[in-house]
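Reader: Could you take me closely through the sheet of this model, and through what packs on it and beside it? I would like the terms defined as you go.

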Amino acid sequence: MTECPSPSRVYFSEKGDFLALDLGGTNFRVLLVRVRNGKRRGVEMHNKIYSIPQEVMHGTGDELFDHIVQCIADFLEYMGMKGVSLPLGFTFSFPCQQNSLDESILLKWTKGFKASGCEGEDVVTLLKEAIHRREEFDLDVVAVVNDTVGTMMTCGYEDPHCEVGLIVGTGSNACYMEEMRNVELVEGEEGRMCVNMEWGAFGDNGCLDDFRTEFDVAVDELSLNPGRQRFEKMISGMYLGEIVRNILIDFTKRGLLFRGRISERLKTRGIFETKFLSQIESDCLALLQVRAILHHLGLESTCDDSIIVKEVCTVVARRAAQLCGAGMAAVVDKIRENRGLDTLKVTVGVDGTLYKLHPHFAKVMHETVKDLAPKCDVSFLESEDGSGKGAALITAVACRIREAGQR
Ligand code: ADP
Ligand code: MG
């Protein structure tokens with residue numbers, strides 16, 4: 001759970017310069033966010049993307065956090081701000097137990113991370129220790145934020161109806177505004193609180209088993225975290241390509257594809273990237289692009305092969321969008337029931353490359369939500385960089401509240 005201000009009631013008075021970090025999947029980013037109030041109200045952002053080499057993702061926690069601090073140092077120098085100390089918001093998108101705005105204990109790594117010595121530790125402490133090891137600058141780590149929450153807050157800046165955040169990127173997760181009376185872990189009955197659902201772990205108790213196929217099971221078993229994040233593994237960017245690859249292997253074994261010959265390439269994990277699902281489904285060139293992609297993967301295909309591959313991509317992405325839509329329908333309908341309303345108007349703030357770039361994912365998901373939650377009028381708002389901007393906005397609010405308390 002994350003204690004943060006209701007998205008509909010903040011940001012009209014926030015201002016200042018903030019640093020934000022975004023760690024939670026494919027890239028690591030450092031951002032400088034300038035928040036202005038008054039007539040020039042708005043947010044200006046500068047950011048730089050850094051890769052995290054696999055050996056660092058799978059190394060020790062110290063190595064990972066030293067690398068993060070190295071990236072911050074590089075960014076400050078790049079921005080001509082060496083030595084400047086700014087308040088920092090840390091978007092850290094892994095399952096955590098968040099005890100306060102600036103303390104968050106990592107429960108389990110997901111999405112390909114496996115750095116040792118971090119699970120069970122407070123990630124703010126790990127970050128501060130790495131900053132001190134470097135002895136070059138100090139930073140005031142004000143807030144740890146989940147990317148779903150950052151996305152909801154960012155969209156709430158534009159639309160006061162935004163009370164849900166959704167990510168469909170490397171992984172998938174959602175958050176929503178829950179009534180305090182339903183939040184057992186926190187005292188108090190009044191008002192609302194943002195709940196980070198960690199919905200990627202839905203199904204880990206077996207409740208999705210009727211829906212999981214042998215291909216889902218195969219992808220799960222070969223992942224870094226078998227048995228965990230089962231819902232996420234049916235929906236998100238890190239896994240859809242692998243599901244397709246497993247189906248193609250099965251079809252080839254049955255003699256339905258590639259003349260029954262399984263190439264070494266097809267046996268290679270990760271070669272079928274989720275971006276290929278988007279490219280294949282966008283193909284308007286009479287399957288020429290599908291064949292070009294398969295050729296690039298070393299898979300010599302006939303015209304029939306490319307028709308089948310395209311159909312597999314369509315089915316896998318469609319199922320992902322429908323599952324995601326089913327989850328979202330349950331969330332919005334719960335908000336409606338919580339409030340005893342016949343109808344609910346609500347906005348969902350969304351971020352994630354799969355949602356944004358796949359040609360059909362968003363549309364299929366929206367249709368599913370409409371079908372399954374007919375009493376809710378749901379709008380979807382794409383966040384403009386929710387993960388980075390949201391952390392800065394939350395940091396801005398926290399700084400204002402802290403300063404008010406000191407006066
Ligand atoms: P993160 O979730 O790590 O913040 P993103 O939202 O950028 O990052 O999502 C990254 C994921 O998006 C990757 O797993 C990748 O497979 C997937 N992806 C990248 N390009 C595309 C595309 N064109 N279509 C669909 N998925 C894509
Ligand atoms: Mg992200």
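Author: Two strands are said to pair if DSSP finds at least two bridges between them, and strands (E, at least two residues) and helices (H or I, at least four residues) are DSSP runs numbered from the N terminus. In that sense Arg 34 stands opposite Glu 44 in β3, and strand β2, residues 28-36, pairs with β3 in the antiparallel sense over nine bridges.

This is a predicted model, in which local features need pLDDT of at least 70 and side-chain atom pairs count only at pLDDT 80 or more, while totals for chains, interfaces and linings use all residues. Residues are numbered from 1 along each chain as its sequence is written, chains are lettered from A and ligands numbered from 1 in the order in which they are written, and side-chain values use heavy atoms, with hydrogens and water left out. The chain averages a pLDDT (the predictor's confidence in each residue, from 0 to 100) of 92, and 96% of the residues score at least 70.

The sheet is open and has five strands in the order β3-β2-β1-β4-β7, with mixed pairing. Because β3 (42-50) and β7 (140-145) stand at the edges, each with a single partner strand, one side of each is left without a neighbour in the sheet. Neighbouring strands are turned by 20° against each other on average, direction ignored, where axes are lines fitted to C-alpha atoms, for helices over the stretch in contact, and angles run from 0 to 180 degrees between N-to-C directions.

Helix α2 (residues 61-78) packs on this sheet, touching β1 (16-23), β2, β3 and β4 (87-92), and its direction makes about 125° with that of β3; contact here means heavy atoms within 4.5 Å. Helix α14 (residues 386-406) also packs on the sheet, touching β1, β2, β3, β4 and β7, and the direction of α14 makes about 125° with that of β7.

Turning to the aromatic rings, those of Phe, Tyr and Trp (its six-membered ring) pair if their centres lie within 6.5 Å, with planes under 30 degrees apart counted as stacked, over 60 as edge-to-face and the rest as tilted. Phe 94 and Phe 113 form an edge-to-face pair, 5.1 Å centre to centre with 65° between the planes. Phe 94 lies in the loop between β4 and β5 (96-100) and Phe 113 in the loop between β6 (103-106) and α3 (123-134), so the pair ties together parts that are 19 residues apart in sequence. Ring pairs link Phe 90, Phe 92, Phe 94, Trp 109 and Phe 113 into a cluster.
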